[in-house]
Amino acid sequence: MTDSPTRAPLSYGAELLGRVLAGTPASESPLTHVAELPARTAAHTDWPRWVNPDVVAALTERGVSRPWSHQSAAASLAHEGQHVVVSTGTASGKSLAYQLPVLTALAADPRATALYLAPTKALGADQLRAVNALGLADVRPALFDGDTALEERDWVRAHARWVFTNPDMLHRGLLPRHERWTRFLRSLRYVVVDECHSYRGVFGSHVALVLRRLRRLCLRYGSDPVFVLASATSADPAPSATRLIGAPVVAVTADGSPHGPRTVALWEPPLLAEVSGEHGAPVRRAAGTEAARIMADLVVEGARTLTFVRSRRGAELTALGAQRLLAQADPTLSARVAAYRAGYLAEDRRSLETALNDGTLLGVATTNALELGVDVAGLDAVVVAGFPGTVASFWQQAGRSGRRGEGSLVLLVARDDPLDTYLVHHPAALLDRPVEATVTDPSNPYILGPHLACAAAEQPLTDAEAEGVWGSPTALLQELCNAGVLRRRPRGWYLAAGQRPHREVNLRGSGGVLVAVVEASTGRMLGTVEGSRAPATVHPGAVHLHQGESYVVDELDLEHGLALVHAEDPDWYTSVREVSDIAIVRMIDHSAHGDVEVALAEVDVTSQVIGYLRRAPSGEVLESVELDMPAHTLRTRAVLYTLTEELLAAAGVETADVPGALHAAEHAAIGLLPLVATCDRGDIGGVSTALHPDTGLPTVFVHDGHPGGAGFAERGHAELQRWLGATRDAIAACECTSGCPSCVQSPKCGNGNDPLDKTGAIRVLDAVLAALPPGH
């Protein structure tokens, strides 16, 4: 990878970028970096000899003349009986890697079956459609999800050979009723886990345990299926996949698919002179506003453009902004821009694909949901409004551009956020390094315990299984016995009478009580949120988004698990204010480095929502509203560091400035943890104090926001030096004078982002980093 040479002919992507920047003085350019990524030529192979001839003929008829090298390699490993993960870029044809062994096995053995798992129903439906389009005899593929009619479910159980479903339905609909799936499980040859990089954090830990339960029941019925996993490019795909399925997995990572040259540009919107945030802090032009202008410029140039925005509401506003700008330049172009917010309805996705691919639409603003399940190829430009949370997601979105071998433009527009600030000023962190490792922790007792109960319900747990499959959770099994969930018998652990554990497990949450979100005027249930997060997400006055529509919360009844809302489309949004206290329960890992100590600890975090801010789309604070919500205590894990008062003084941090310096360093560290762990900022929290009662020293904590932890604090502890180094650099790179949302201000700070000391935070982090040994 090299920066654009100054005298070489401009690529098409560079030409587009130049037109977007036309009229902008060089001294005012928002660009922080431009890189030219070269094209990659295809690496083909012959069809593996073991592939069924009818399968080859069907694929050839669909336009696949020969497989790419990674497709052949992964398919052959699976055919040989090895669990395999193919980890390559967007549009690299990963589906062929599992279609070849599965379809060949189904053709060779009329009783053989296969299971396909996708994180979304939309993706599963798309893959089912692709298999049906091959027209192969006696494959009998079928969808089995929450929308499948009861009579169809009976047919699927009795006759389907390739079942397409999702982990939620596997957990609730198949495993608890495994006796009714005897035919299918007894002959199960392959399990396909698509988009496996999306199984991270709490969700990934749940899915890992569901897959262990599936493998356990397969052994009961005499089968031992081969797992074929498909992943976007990721760091350490083999260990991540091994952790997910609980068995050794081989990785195929050499991508043999072609793509055209790409121009990748990093763009930092300017600070606005006329708008200020909390305490007069400067505010940048919103990424969505900037993206709307960029998309309008690209559409004027005739470039087919996809703009990714983090929220559905944001996608709508970006599309409307581009339409308004285009109406002034060329009214005919305004109608060729749209927002994609129609959920996962197949007809909406198909019409979008057609309109973008044939040029009817030139610009579409969408959310990250479009990463999965939509076949949009060969776009001229992709605009990413705000870093999407992981490097894997960024490249998945960028991969939508230039698929036909032509040049294209990828443009990342930074949000007002410390991580975005760091990335646009340190392009190597985005462009030159491997993407993140996927973080899961199946041993988390808060997640493992309910799955042990589910496993016991499916088949009593033996001592050998407890040790071999579940990692000897003897104390946890005893706790379940003490709670009346399990019963200990000489031959193992059995489910106690009257228990229904499956319905208590929500794979996409941390467990506990759910709060229903209900439209007051109609009684229509819009969805649910976790009870522990309800005060922060559906408090009175909060703006709640559902399927692209906005609602405002009128009332939150935690006792009865109910949040009442009304439809409203406000021109403002809300950000919660939360205060936290933290107590160390036990040290898991601890090391001392002179005047700095570092630890991973089990902690109790007591949090309370005390209010919220109403903000304009620009970030300007319109109103601060107080709330009186109950406190909530969470047992989780935290990474922490302490400094002595002497070290702080030597670093130039005066005693009066210590609280603000630690507070600012804490905020920025929370913002930068997603750089080393696949988490969102909302998954974590932090506490800082000039004197913590458990350490007796100035201390900074960053903790997981889920019961028992989700592996994020462990990842921060393991990557402490890189994480805190990036945090320090992000603060220093921001051109504000005393702190802003791009560096040390937090949108959910319960202390009103006061005190904050930007300069002091840099000195604190410099002192910590200087004390740590290399490679810590």
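Are W162 and F164 buried or exposed? Both W162 and F164 are buried, where buried means under 20% relative accessible area, exposed over 50% and partly exposed in between, with a 1.4 Å probe and protein chains only.

This is a predicted model, in which local features need pLDDT of at least 70, side-chain atom pairs count only at pLDDT 80 or more, and totals for chains, interfaces and linings use all residues. Residues are numbered from 1 along each chain as its sequence is written, and side-chain values use heavy atoms, with hydrogens and water left out.

**Aromatic pairs**

A search of the whole structure finds seven aromatic pairs. Rings of Phe, Tyr and Trp (its six-membered ring) pair if their centres lie within 6.5 Å; planes under 30 degrees apart count as stacked, over 60 as edge-to-face and the rest as tilted. Helices (H or I, at least four residues) and strands (E, at least two) are DSSP runs, numbered from the N terminus. Y116 and F164 are both buried. W162 and F164 form a tilted pair too, at 4.9 Å centre to centre and 35 degrees between the planes. Y98, Y116, W162 and F164 form one aromatic cluster.

**Arginines over rings**

A charge sits over a ring if NZ of Lys or CZ of Arg is within 6 Å of the ring centre and within 35 degrees of the ring normal. R488 lies over the face of W493, 4.0 Å from the ring centre. R614 places its charged end over the ring of W572, 4.8 Å from the centre.

**Helix packing**

Two packed helices are described by the angle between their axes and the distance between the axes. Axes are lines fitted to C-alpha atoms, for helices over the stretch in contact, and angles run from 0 to 180 degrees between N-to-C directions.

| Helix pair | Angle | Axis distance |
|---|---|---|
| α9 (residues 201–220) and α18 (residues 445–458) | about 20 degrees | 10 Å |
| α16 and α23 (residues 658–672) | about 70 degrees | 7 Å |

α16 is therefore roughly perpendicular to α23, whereas α9 and α18 are roughly parallel. Angles under 35 degrees count as roughly parallel, over 145 as roughly antiparallel, 65 to 115 as roughly perpendicular and the rest as oblique. The crossing of α9 and α18 is right-handed. α16 also passes α23 in a right-handed crossing. A crossing is left-handed if the near helix is turned anticlockwise from the far one by less than a right angle, and right-handed if clockwise. P418, L419 and Y422 in α16 meet A668, G671 and L672 in α23.

R415 lies in the loop between β17 (408–413) and α16 (418–425). Its relative accessibility is 27%, so R415 counts as partly exposed. Contact means heavy atoms within 4.5 Å. Leaving aside neighbours within four places in sequence, R415 is in contact with A287, R310, A385, G386, D420 and S742. The C-alpha atoms of R415 and P269 are separated by 8.0 Å, though 146 residues apart along the chain.

**Helix α3**

Helix α3 (residues 69–79) is mostly covered, with eight of its eleven residues buried. Its cover includes β3 (84–87), α4 (94–108), β7 (188–193), β8 (226–231) and β9 (250–252). G81 follows α3 and has a positive phi, near 100 degrees.
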